[in-house]
Amino acid sequence: MSMQENMEAGFQNNSMKLDSVTCLDKDGNSIDLRSLFSNERERILICRFSELDCESCISYSISKMKEHIGDIGKENILFVTSYFNNKMLDSQMMLYGIDSFEVLNARDLPIPIEDWNKPYYCVLDSSLQISDLFIPSKTTSHIQQIYFDSIVNKYFYKAKDDKNKS
């Protein structure tokens, strides 16, 4: 993924607002994305992937996200997947080691990046506005570190600060 493509993806998707999006939780219950936000939770960092994405790309995206749990806070991370079969999703959650995280299954999100068939990260706020979209790539791991540092400093510094106090 070139930096130019990443910038293009950001330009096309950042500041877009999702209409009411209904997902399925691990138990198959319908969840509206708006219900995930509260007075204490204003933003969520999303790792989005589909069963149609490249397997090694999914694994890489998840592993990089998990490296930053301590700084972001597990409660601020949401994995949003797109799987046709919930049983397959269950086995993949175990394989990827995200079964203890908040995971939702959403078929399609109405944003252009969905057509790219690549895992991506973005920040979603309580108004369902997308910001800071980024497509991870093994070839730009140094840029990914800058991305995560920026996300932590802009949105999740309190989670990092709370960790340092304990």
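**Aromatic pairs**

Eight aromatic pairs are counted, where rings of Phe, Tyr and Trp (its six-membered ring) pair if their centres lie within 6.5 Å, with planes under 30 degrees apart called stacked, over 60 edge-to-face and the rest tilted. Select phenylalanine 49 and tyrosine 83. Their rings pair edge-to-face, 6.4 Å centre to centre, with 85° between the planes. This pair links distant parts of the chain, 34 residues apart. Phenylalanine 49 belongs to strand E3 (residues 43–50), while tyrosine 83 sits in the loop between strand E4 (77–82) and helix H4 (86–96). Helices (H or I, at least four residues) and strands (E, at least two) are DSSP runs, numbered from the N terminus.

Before going on, note the ground rules. This is a predicted model: local features need pLDDT of at least 70, side-chain atom pairs count only at pLDDT 80 or more, and totals for chains, interfaces and linings use all residues. Residues are numbered from 1 along each chain as its sequence is written, and side-chain values use heavy atoms, with hydrogens and water left out.

Buried means under 20% relative accessible area, exposed over 50%, and partly exposed in between (1.4 Å probe, protein chains only).

Now select phenylalanine 134 and tyrosine 147. This pair is stacked: 4.7 Å centre to centre, 15° between the planes. Phenylalanine 134 lies in strand E7 (residues 130–134) and tyrosine 147 in helix H5 (residues 141–155), so the pair ties together parts 13 residues apart in sequence. Phenylalanine 134 is buried, with a relative accessible area of 6%. Tyrosine 147 is buried at 8%.

One more ring stop: phenylalanine 101. Lysine 74 lies over its face, 4.8 Å from the ring centre. The rule asks for NZ of Lys or CZ of Arg within 6 Å of the ring centre and within 35 degrees of the ring normal.

Select residues 120–125, strand E6. Six of its six residues are buried, so E6 is largely enclosed by the rest of the structure. Colour its two faces. Tyr120, Cys122 and Leu124 are buried on one side, and Tyr121, Val123 and Asp125 on the other.

E3 and E6 pair in the antiparallel sense over six bridges; two strands pair if DSSP finds at least two bridges between them. Isoleucine 46 has cysteine 122 in E6 as its bridge partner. E6 and E7 also run antiparallel, joined by three bridges. Here leucine 124 stands opposite isoleucine 130 in E7. Follow the chain between E6 and E7: they form a hairpin with four residues between them. Leucine 128 in that turn has a positive phi of about 65°.

Lysine 17 is in the loop between helix H1 (3–13) and strand E1 (22–24). Which residues does lysine 17 touch? Not counting residues up to four places away in sequence, the contacts are Ser127, Leu128 and Gln129, where contact means heavy atoms within 4.5 Å.

**Strand E4 and the cysteines**

Select E4. Six of its six residues are buried. Ile77, Phe79 and Thr81 are on one side, with Leu78, Val80 and Ser82 on the other. E4 pairs with E3 in the parallel sense over six bridges. Four bridges join E4 to strand E5 (residues 102–105), also running parallel. Valine 80 stands opposite leucine 104 in E5.

Cysteine 47 stands opposite phenylalanine 79 in E4. Cysteine 47 is buried, at 0% relative accessibility.

**Helix H2**

Finish on residues 55–67, helix H2. Its buried residues are Ile58, Tyr60, Ser61, Ile62, Lys64 and Met65. Among the elements that cover them are E3, helix H3 (69–72), E4, H4, E6 and H5.

Definitions and conventions: The expected span of a helix is 1.5 Å times one less than its number of residues.
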